[in-house]
Amino acid sequence: MNVVVTGGAGFIGANLCRELASRPTVGRVVALDDLSTGSADNLAGTDVELIEGSILDRDLLEDVVAGADAVVHLAARPSVPRSLADPFASHEVNATGSVRVLEACRRSHTHVVAASSSSVYGSITDLPKHEGLPTRPLSPYAASKLATESYVLAYGSAFGLPALSFRFFNVYGPLQPAGHAYAAVVPAFIDAALRGQPLTVFGDGHQTRDFTYVGTVARVLADAVERKVTSARPVNLAFGTRVSVLELAHHLAKILELAVEIRHEPPRRGDVRDSQADDGLLRSLFAGLEPVPLEQGLAETVQWFRSVVTPA
Ligand SMILES: NC(=O)c1ccc[n+]([C@@H]2O[C@H](COP(=O)([O-])OP(=O)(O)OC[C@H]3O[C@@H](n4cnc5c(N)ncnc54)[C@H](O)[C@@H]3O)[C@@H](O)[C@H]2O)c1
């Protein structure tokens, strides 16, 4: 089968392209990416075909999607802070761009798997978060991801498009650099620790996250493509691992065998306090899933970092 990955040169996209390219059922993998936050280097040494261009370019998108058996739509303008600075830009890529992708898929009736975000739960404080809870976005980024998943569901209902949208939680792992657009905490901590700098914690550090290893995410996405999985509801893609930011710092200090200093800064606007997924729906669709445990995923991430960061 032939698979197109929008945002395929990004952190999750490049890990997914590598996973897809390793599967015997997959013939051709095409990454469509405008390289705004992704990098061609992420696909170096693979057979993945990189097409540099935007999902907002309708003609290009239709050409690229025409021969595909499936599209995994990951292209987005990431990060809460960037969406606070320029809400319209986030809307254009994440909402309008998703409609463009869905329109291209509709023309050729192509299975589509799209990325939404746990940020859609926003101010809902119930834990764990299950897909039946209401959504209350706290930022334009979260609102734009809610638009993404809503359009995916609408195209499934209105046009019978085979479609699935996943709510990713805090994905971490190799190919996610410290300066990544999400200002993600795992790479920020590892990078600071390896450079002998203090780890910056926004707020008291007791806020919790459900960290998901990117290799697990890539495996689930590739399985969804191979088995053409669809769902009339968005599906959490995380496993209920609830870890505070301070606990994460301690795990990393142990793996790195380094004493780390913590520096607190005020909480960031638009950040949620606690996050933990209910994985019941995910496990009902993907039986026998064995996620990479946190300690192992962090160790693999540290190993990747050591290969790209010069120690202090
Ligand atoms: N990383 C996480 O923890 C996380 C959490 C929730 C949701 N997500 C979602 O997962 C997806 C992938 O995120 P990521 O962490 O790999 O981020 P990323 O920034 O590394 O990847 C996004 C990719 O999309 C590309 N892109 C942006 N605008 C584009 C456009 N107009 N046309 C074509 N390509 C474009 C970027 O160049 C980049 O390669 C996104 O949809 C994001 O919203 C990620």
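First, the ground rules. The model is predicted: local features need pLDDT of at least 70, side-chain atom pairs count only at pLDDT 80 or more, and totals for chains, interfaces and linings use all residues. Residue numbers start from 1 along each chain as its sequence is written.

Now the domains. Domain 1 covers 2-169 + 213-237, and domain 2 covers 172-209 + 240-277 + 287-308. Those bounds come from an automatic or database domain assignment. The two centres, taken over C-alpha atoms, are 24 Å apart. Domain 1 gives 26 residues to the contact, and domain 2 gives 22. Contact here means C-beta atoms, placed from the backbone, within 7 Å.

Which elements give two or more residues to the domain 1 side? They are α1 (11-21), α3 (80-85) and α7 (214-226). Helices are DSSP runs of H or I, at least four residues, numbered from the N terminus. That side has 13 nonpolar, 11 polar and 2 charged residues. Nonpolar means Ala, Val, Leu, Ile, Met, Phe, Trp, Tyr, Cys and Pro; charged means Asp, Glu, Lys and Arg; the others, Gly among them, are polar.

Next, the helix pair. Helix α8 (residues 245-256) packs with helix α10 (residues 294-308) at about 55°, axes 10 Å apart. Axes are lines fitted to C-alpha atoms over the stretch in contact, and angles run from 0 to 180 degrees between N-to-C directions.

Who meets whom? On α8, His-251, Leu-252, Ile-255 and Leu-256. On α10, Leu-294, Glu-295, Leu-298, Ala-299 and Val-302. That contact divides into 7 nonpolar, 1 polar and 1 charged.

Technical notes: Contact = placed C-beta atoms within 7 Å.
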